[in-house]
Amino acid sequence: MLESDQHWPLWGEGSLEGAFELEASGGKIDNSVVTSVERPFLFGYRPEKANGRGVLILGGGGYVQLMVGREGIAVAKWLNSLGFYAFVLVHRFPNADTGAPAPLDDARRALKLIKESGNAPQGLGICGLSSGGHLGAALLADYPQAWTAPDPEIPRADFAILGYGPISTNAVGRTIIADKPP
């Protein structure tokens, strides 16, 4: 799925069947958008000539959808052309059922799975775009002590590429959206 070489469920066992809803405008994978997530997954893209480094890709979508096409798979293919093993994360969205820490917990778990996979022996980085840039910055910061981390031992990223990440994810223009997830 998602034209990947490998995929891993983030938490326990589970098949891709029913894990998330994917819409592909015009039937093109480059236009794919995840609209809801039941079970988060990590997708791996192997380069032809590996440089020993891996990058976790965090696409945008305002934490209410996930642009896995142009801000996930397309970035993975570009990074593959540079020799990086690329990983696209399909994370849960923060809501009343999952809680605010869900995307951060999923991204931290993805870093651990990548490290354990052995596919990035020379270093591991993060590439986050839009709300994925916000999530990437949160990965680089200390985990909030007010939250309970489901997996406390997480490797740190060696480098990061953060593009057009918002400082606040709760605003549209200058208007605060009262019920928008953080």
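**Helices, packing and backbone angles in a predicted model**

Helix α1 is followed by G83, whose phi is positive, near 95°. Helices here are DSSP runs of H or I with at least four residues, strands are runs of E with at least two, and both are numbered from the N terminus. The model is predicted, so local features need pLDDT of at least 70, side-chain atom pairs count only at pLDDT 80 or more, and totals for chains, interfaces and linings use all residues. Residues are numbered from 1 along each chain as its sequence is written, and side-chain values use heavy atoms, with hydrogens and water left out.

Helix α1 covers residues 69-81 and has 13 residues. From its first C-alpha to its last, α1 reaches 17 Å. This is close to the 18 Å expected at 1.5 Å a residue; the expected span is 1.5 Å times one less than the number of residues. The buried residues of α1 are G69, E71, G72, I73, V75, A76, L79 and N80. Buried means under 20% relative accessible area, exposed means over 50%, and partly exposed lies in between, for a 1.4 Å probe and protein chains only. The cover over the buried residues of α1 includes β3 (32-37), β4 (41-45), β5 (53-58), β6 (85-90) and β7 (123-129).

Two packed helices are described by the angle between their axes and the distance between the axes. Helix α2 (residues 102-117) packs against helix α3 (residues 131-140) at about 65°, with the axes 10 Å apart. That makes α2 roughly perpendicular to α3. Axes are lines fitted to C-alpha atoms, for helices over the stretch in contact, and angles run from 0 to 180 degrees between N-to-C directions. Angles under 35 degrees count as roughly parallel, over 145 as roughly antiparallel, 65 to 115 as roughly perpendicular and the rest as oblique. The crossing of α2 past α3 is right-handed, that is, the near helix is turned clockwise from the far one by less than a right angle.

On the α2 side, P103, L104, A107, R108 and L111 meet L135, A138 and L139 of α3. Contact means heavy atoms within 4.5 Å. The residues of the contact of α2 with α3 comprise seven nonpolar, no polar and one charged. Nonpolar covers Ala, Val, Leu, Ile, Met, Phe, Trp, Tyr, Cys and Pro; charged covers Asp, Glu, Lys and Arg; the others, Gly among them, are polar. In α3, the residues S131, G132, G133, L135, G136 and L139 are buried. Their cover includes β5, α2, β7 and β8.

R109 also lies in α2. It counts as buried because its relative accessibility is 19%. Beyond its neighbours within four places in sequence, R109 touches L10, W11, D151 and I154.

I161 sits in strand β8 (residues 159-163). Its relative accessibility is 38%, so I161 counts as partly exposed. Leaving aside neighbours within four places in sequence, I161 is in contact with I126, C127 and G128. I161 and D151 are ten residues apart along the chain, and their C-alpha atoms are separated by 24 Å.

Most residues other than glycine have a negative phi. E3 is not a glycine, yet its phi is positive, about 60°. E3 is in the segment before β1 (6-9), and at 45% relative accessibility it counts as partly exposed. Y164, also a residue other than glycine, has a positive phi near 40°. Y164 is found in the loop between β8 and β9 (171-172). At 56% relative accessibility, Y164 counts as exposed.
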